[in-house]
Amino acid sequence: MSEERAAVDPTARPPRSGLVAALGAYVLWGTFPAFWPLLAPAGSVEILAHRIAWTLVGMLVVLTAVRGWSQLRGQTTRTWLTITLASVLITVNWGVYIWGVTHGRVVESALGYYVNPLVSVVLAVVILGERLRRVQWVAVGIATVAVAVLWAGTGALPWVALVLAGSFGFYGLLKKRVPLGPVAGLTAEGFLLGPIAIGYLVWLQVVGIGTFGQGTAHTLLLVAAGPVTALPLLLFAFGAKRLPLATLGLLQYVNPTLQFVWGVFVDHEPMPPARWVGFVLVWLALLVFAVDGWTASRRRAAGPVGARPAQPTRSTV
């Protein structure tokens, strides 16, 4: 069975290599709450700067290995402006996420990645003029009620979740307009973010408040922020090319589910009744959304007799 067929036919059996790669990416993302707190005593901003700097170093190596430098040549000013905006959004996303998981907000961070697919479809309607099916609107409505319940029941707006979902939703929207592959795209963002991050880290060391070099283990963990960031992205890129969108759509919930489990059962974050109700509503919205998406994908793949299945539009992370 060809990869082309698997990419458009949700009834086809996904290639095992693509399934393993995509699942590996989501599992690694789901275990991030266990990694970032290990970088203490570095603060959230210092961790973010190391993540950006060492990711750039790693991506330069990868881009060279795959001979992808030609992709960065000849890009228009508009493309570089789009990449700049995308780099700002992913910086906000990474920074808020690191702050959340290092300040006892793992469950709320998981909520952000549960809600993200629904935010993405709303952005597609508002900005791209796409139309949602009635069932999709029902899912969005249930998710909106869930956020309202969490806000009213806990007395605090789940801003971490909303910022994570919103920043990643807009980031994905911009990435659709960048004519670069995942490796070249992440490297390009690193070119824009890296000098700022490196400059900040140098300043921390000069004034004596940086933690780099304070013990071999700690230093190696800071350096590991780069490959820890890049590896799941590369695995996802490999898997996304070999799996139908319907399969990816279901696999994406592995990440926030693992984070939720970590927050509740490892970090023992409080889960008052209102929070449980809110999450149950979110899970209901995602169930409605996922079932509708899977059904629609099967319908498109089947199509009228003799018709060619429609090519889906891939989202980029």
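These are my notebook entries on a predicted model of one protein.

**Entry 1. Overall fold**

I began with the secondary structure and counted 13 helices and 0 strands in the protein. I then looked up burial: 47% of the 317 residues count as buried. For contacts with a separation of 6 or more, I noted that 84% are between residues 24 or more positions apart.

**Entry 2. Nonpolar cores**

The largest nonpolar core has 51 residues. Those with the most contacts inside this core are W29, W36, Y97, L180, F236 and L248.

**Entry 3. S87 in helix α5**

I located S87 in helix α5, which covers residues 77-101. Is S87 buried or exposed? S87 counts as buried because its relative accessibility is 2%, under the 20% limit. I followed its side chain to the backbone oxygen of T84, which it reaches at 2.6 Å. Setting aside the neighbours within four places in sequence, I listed E189, L192 and L193 as the residues in contact with S87.

**Entry 4. Y171 in helix α8**

I placed Y171 in helix α8, residues 159-175. Its relative accessibility is 3%, so Y171 counts as buried. Which separation do the C-alpha atoms of Y171 and L89 have? I read 5.8 Å for this pair, although the two residues are 82 residues apart along the chain.

**Entry 5. Second largest pocket**

I took the second largest pocket and noted a volume of about 240 Å³. Its lining consists of 13 residues, and E108, L150, T154, A156 and R275 lie nearest the centre. Which elements give two or more residues to this lining? I found α6 (106-128), α7 (134-154) and α13 (273-302). By residue class, the lining of this pocket divides into 8 nonpolar, 2 polar and 3 charged.

**Entry 6. Backbone geometry**

- I found a cis peptide bond between A40 and P41, with omega at about 15 degrees. P41 is in the loop between α3 (32-35) and α4 (44-65).
- I noted that R67, which is not a glycine, has a positive phi of about 55 degrees. R67 lies in the loop between α4 and α5. With a relative accessibility of 75%, R67 counts as exposed, the limit being over 50%.
- I recorded a positive phi near 55 degrees for H268, also a residue other than glycine. H268 is in the loop between α12 (254-266) and α13. H268 counts as exposed because its relative accessibility is 60%.

How values were computed: Residues are numbered from 1 along each chain as its sequence is written. This is a predicted model: local features need pLDDT of at least 70, side-chain atom pairs count only at pLDDT 80 or more; totals for chains, interfaces and linings use all residues. Side-chain values use heavy atoms; hydrogens and water are left out. A nonpolar core is a set of buried Ala, Val, Leu, Ile, Met, Phe, Trp, Tyr and Cys residues joined through side-chain atoms within 4.5 Å. Buried means under 20% relative accessible area, exposed over 50%, partly exposed in between (1.4 Å probe, protein chains only). Helices (H or I, at least four residues) and strands (E, at least two) are DSSP runs, numbered from the N terminus. A polar contact is a pair of N or O atoms within 3.5 Å; within protein, one must be able to donate a hydrogen and the other to accept it, and residues adjacent in sequence count only if both atoms are side-chain atoms. Contact means heavy atoms within 4.5 Å. On a 1 Å grid over the protein atoms alone, a cavity is a set of points where a 1.4 Å probe fits but cannot get out, and a pocket is an open set with protein on both sides within 12 Å along at least five of seven lines; lining residues have an atom within 4 Å of a point. Grid points are joined across faces, edges and corners, and a volume is the space filled by probe spheres set on the points. Ala, Val, Leu, Ile, Met, Phe, Trp, Tyr, Cys and Pro count as nonpolar, Asp, Glu, Lys and Arg as charged, and the others, Gly among them, as polar.
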